[in-house]
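Hello,

Here is the structure we talked about. Please open it first, then read my notes below.

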2 protein chains.
Amino acid sequence: MVQSELADLEKKLRDAQLRPTKQRLALAQLLFSDGNRHITAERLHSDAMGANVAISLATIYNNLHQFTAAGLLREVVVDSSRSYFDTNVMPHHHFFHEQSGTLEDIEKNDLKVDNIPPLPEGTEISSVDVIVRVSSTRR
Amino acid sequence: MVQSELADLEKKLRDAQLRPTKQRLALAQLLFSDGNRHITAERLHSDAMGANVAISLATIYNNLHQFTAAGLLREVVVDSSRSYFDTNVMPHHHFFHEQSGTLEDIEKNDLKVDNIPPLPEGTEISSVDVIVRVSSTRR
DNA sequence: CAATAAATTAGAATTCTTCTAAACAAGAAA
DNA sequence: TTTCTTGTTTAGAAGAATTCTAATTTATTG
Ligand SMILES: [Mn+2]
Ligand SMILES: [Mn+2]
Ligand SMILES: [Zn+2]
Ligand SMILES: [Zn+2]
C-alpha cells in the first residue's frame, strides 16, 4: 500500500461522514484496495484476522452496514442464509456459482432486461436485480 | 373444500412419492388450494394454527424442503433473513415489495432478459432470477 | 488538554433454521 | 387383521448468522 492510498481511503471515509478509525481504515483497505469484491461478514472478519487487524465481529457488521448506508457498499441477496456485500456500487448484475457460493459481476450493459410489466399501483422501482445461477457442468 | 380436492391433493403427494399424512395433506391444502402463494415457514405455520391444524414448526420445514425437492414448490431468494417458498414452479420472475415483504409474479413472457454474457468456463445455467424491487411512492 | 460524541467491544440475546432421538403412523407382508 | 418395517412427526436442543447492550475506548472539538 502506497502512502497516498491510505490518504485516499481516509478521504473516502471522511467524505462519507465516517471517522477514519483504525478499524475502518483497515476494513476500507481490505475492501477497496484490490479491485471489486463480493464478501460476507465472516469472510471479511477472517481476512482481517489474517492481516493481523484486531477487530470484533460486531464492528465488522456495524461498518458493513454503515458503509452500505453511505453508498460505499451495496448488499446483494443471493443466499437466504447469509449476506453478501459488494464493493461495486454501480448498477450491475451477477453470476452466482451455486457450488462455491461466489459472485461474479455482469456489467449492466451486457445484459438487457426488457418489458417489465406495469408496476403495482403506488410503487416505484428501487432496483432490478438479475441473478444468473450457474453450476458446474457434470461430466 | 370439495371431496375431489382432497383426493387430488393426495394424488399429488403420492405422485411425488410422499406419503399423504394428515400434516402433509393439511399443508398441501393450505399451499395449493387457493391460487399461487409466496410464503415463509413461519407464515405457513401460523396459517396452519389458524386452521386448527396441529403441526410442529420442524414438520413445516421438513415438508417445505421435501416439497421443494419434489418440484412441488420452489424457493425464492429475496431477503437474506428468511426463505420464501413459491407454489408457482414455472419459470417466472418477481416484484418484491420492500415495505411489506410480499412477492408478486411477473410472467416469464412479459419480461425479457437478453445478452447474458458467456457463462464462466465449465458452468451451465441453473436459473435466471429477476427481482424487481419496488417501494411505495413517497408522497 | 478537557469535554463531548462517536466507535468499538465482549458477550448475551434474538431470529431463523436444522438436528436429535424418541414416539407415532402408514403401508407392506403375513 | 395383526405384525413388521420404515417413513414421519415432534419437542426441544443445537447451530449459524446477526443484532443488541452497556461498558470502555477513541476521535474530534472547543
Ligand atoms: Mn433452505
Ligand atoms: Mn439470519
Ligand atoms: Zn457485483
Ligand atoms: Zn412466484
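What share of the contacts in chain A with a separation of 6 or more comes from residues 24 or more positions apart? The share is 43%, where contact means heavy atoms within 4.5 Å.

First, the ground rules. This is a predicted model: local features need pLDDT of at least 70, side-chain atom pairs count only at pLDDT 80 or more, and totals for chains, interfaces and linings use all residues. Residues are numbered from 1 along each chain as its sequence is written, chains are lettered from A and ligands numbered from 1 in the order in which they are written, and side-chain values use heavy atoms, leaving out hydrogens and water.

Now chain A itself. It has four helices and seven strands. These are DSSP runs: helices are H or I with at least four residues, strands are E with at least two, numbered from the N terminus. Their order from the N terminus is α-α-β-α-α-β-β-β-β-β-β. The C-alpha trace spans about 50 × 45 × 30 Å along its principal axes. Of the 139 residues in chain A, 42% are buried (under 20% relative accessible area, 1.4 Å probe, protein chains only).

Next, the interface. In chain A, 40 residues are in contact with 40 residues of chain B. The two chains bury about 3,200 Å² between them (accessible area lost on being put together, 1.4 Å probe, summed over both). Carbon and sulfur atoms hold 53% of that area. A:Ser80, A:Glu124 and A:Arg133 supply 18% of what chain A buries against chain B, more than any other three residues.

A:Arg133 also forms a salt bridge with B:Asp129 (a side-chain nitrogen of Lys or Arg within 4 Å of a carboxyl oxygen of Asp or Glu). Their closest N and O atoms are 2.8 Å apart.

Best wishes

Key: Buried means under 20% relative accessible area, exposed over 50%, partly exposed in between (1.4 Å probe, protein chains only).
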